[in-house]
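Please read them with the structure open.

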Protein chains: 2
Amino acid sequence: MITVYGYSPSGNCHKLRMLLGHLGRQPDRDFRWIETDSAHGATRTPQYLAKNPNGRVPMIELDDGRRMVESNAILAWLADGTPYFAGDAWQRAQTLSWMFFEQYSHEPYIAVARFICGWTPADSPRRADLPRLRERGHQALAVMERHLSASDWFSATGYGIADIALFGYTHCAADGGFDLAAFPRVVDWLERVRAQPGFVAMPPIAEENLALIARSS
Amino acid sequence: MITVYGYSPSGNCHKLRMLLGHLGRQPDRDFRWIETDSAHGATRTPQYLAKNPNGRVPMIELDDGRRMVESNAILAWLADGTPYFAGDAWQRAQTLSWMFFEQYSHEPYIAVARFICGWTPADSPRRADLPRLRERGHQALAVMERHLSASDWFSATGYGIADIALFGYTHCAADGGFDLAAFPRVVDWLERVRAQPGFVAMPPIAEENLALIARSS
């Protein structure tokens, strides 16, 4: 049994739930999900930091005690030997390339804008960062839109872990004030992802966070 | 022949020069290095953006026209099948985990602080970001220090691409105002990296950048 420490509203954590769904792994049979509220300090306790000194979710733990952190590395391990991380060395590296793009050029803008809108007080000084985050996030979406003019997927051999990684925060980008209407190929790609066998949607986020998002501009 | 588009003072680009050195690949025989000054707009030309819409270095191009971006993905491809990216699926994913850590929790602080110190004017408003960048960068170095209390290397099976990825900006962290004296295991690890067969040092950076670094606080 794999233990997943995850915060359900986190796109990084949701990636794992998605891939586990595609792979047919069942909650409470094949994996257990330990809800770990990183927005309220659950990753900063001494107990958690002893397991992951970087204090982030997701993290997985195997029955023999081995642990792994970093959402995209966990995807690579779970998908090893499956069609979700397939191809020759060049193709697998191209898949990884989009996953590094996601963590460096996409998540720090699109996920962080969403976090500020929905998980910080309405008067948080961090809201002053939103225009810059949205500018950079739009640049990332433009890079994705351009790629989709020539390819259906970000993973090199068809739908796979690069798509799952990018879906994590792209599908909820509107929470951070991004308008995907300017990126029609991205919108179509999100629909193609949702049509994949075993797709699992992100659980609804809490009223408190929805209310903060509704008040954000 | 592999063509590398790289900016020599960039730690992300230097990673490739290091691995090519370890693999015994010779400049102008096995690869050509096209110096691409990302600090002065060379990655924002229409010609470059046509090849890499994300406008970053490094990028590699093969003789058949195929291209790859993202330094750590390129490392994974170049090292495939070599001792620098070895082990079973779990071990390779652990190596990738440190490479995702590098791009998400290390480079955005340690590399960006160095860039601000050495590549922006002495009166740049971006210098106001330095205290926050240094705080986060120190956190990343503390995570590395702790890992090194139990392991000699970041790559799962011995010296490899996770070490190369982390060496890229750790070895020049002082340029951004980081004092490595507080991280003695990191200092020892840097020395172990420098002792590896085929190690290639980063070329000296320009006087102009050195002068800006010297004036930084």
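1. Conventions. This is a predicted model, in which local features need pLDDT of at least 70, side-chain atom pairs count only at pLDDT 80 or more, and totals for chains, interfaces and linings use all residues. Residues are numbered from 1 along each chain as its sequence is written, chains are lettered from A and ligands numbered from 1 in the order in which they are written, and side-chain values use heavy atoms, with hydrogens and water left out.

2. A buried lysine. B:Lys15 sits in helix α1 (residues 11–22) of chain B. Helices are DSSP runs of H or I with at least four residues, strands are E runs of at least two, and both are numbered from the N terminus. The relative accessible area of B:Lys15 is 0%, so this residue is buried. (Buried means under 20% relative accessible area, exposed over 50%, partly exposed in between, with a 1.4 Å probe and protein chains only.) Leaving out residues up to four places away in sequence, B:Lys15 has contacts that include B:Glu102, B:Gln103, B:Ser71 and B:Asn72. Contact means heavy atoms within 4.5 Å.

3. B:Phe100. This residue belongs to helix α4 (residues 89–119) of chain B. B:Phe100 counts as buried because its relative accessibility is 0%. Among the residues it touches are A:Phe100, A:Met99, A:Glu70 and, in its own chain, B:Ser105.

4. Cis prolines. The peptide bond from A:Val57 to A:Pro58 is cis, with omega near 0°. A:Pro58 falls in the loop between α2 (46–51) and β3 (59–61) of chain A. In chain B, the bond from B:Val57 to B:Pro58 is cis too, omega again near 0°. B:Pro58 is placed in the loop between α2 (46–51) and β3 (59–61) of chain B.

5. Positive phi. A:Glu70 is not a glycine, yet its phi is near 80°. It lies in the loop between β4 (67–69) and α3 (71–79) of chain A. A:Glu70 is buried, at 10% relative accessibility. B:Asp28 also has a positive phi, near 70°. Its place is the loop between α1 and β2 (31–35) of chain B. Is B:Asp28 buried or exposed? It is exposed, at 66% relative accessible area.

6. Salt bridges. Over all chains there are 18, each a side-chain nitrogen of Lys or Arg within 4 Å of a carboxyl oxygen of Asp or Glu. A:Asp80 and B:Arg92 form one of them (3.4 Å, N to O). This pair crosses between chains, from the loop between α3 and α4 (89–119) of chain A to helix α4 of chain B. A:Asp80 is partly exposed at 35%, and B:Arg92 is partly exposed at 26%. B:Arg194 pairs with B:Glu191, with closest N and O atoms 2.7 Å apart. Both lie in helix α7 (residues 184–194) of chain B, 3 residues apart, about one turn. Bridges that share partners also join A:Lys51, A:Glu61 and A:Arg67 into one network.

7. An arginine patch. Members of a positive surface patch include A:Arg132, A:Arg136, B:Arg132 and B:Arg136. Patch residues have over 30% relative accessible area and no salt bridge, like charges being joined within 9 Å and nonpolar side chains (Val, Leu, Ile, Met, Phe, Trp, Tyr) within 5 Å. Helices α5 (130–147) of chain A and α5 (130–147) of chain B each supply at least two of its residues. B:Arg132, in helix α5 of chain B, is partly exposed at 43%.

Methods. Areas by Shrake-Rupley, 256 points an atom, 1.4 Å probe, with all protein chains shown as cover. Lys, Arg positive; Asp, Glu negative; His and termini not counted. Charge placed at Lys NZ, Arg CZ, Asp CG, Glu CD.
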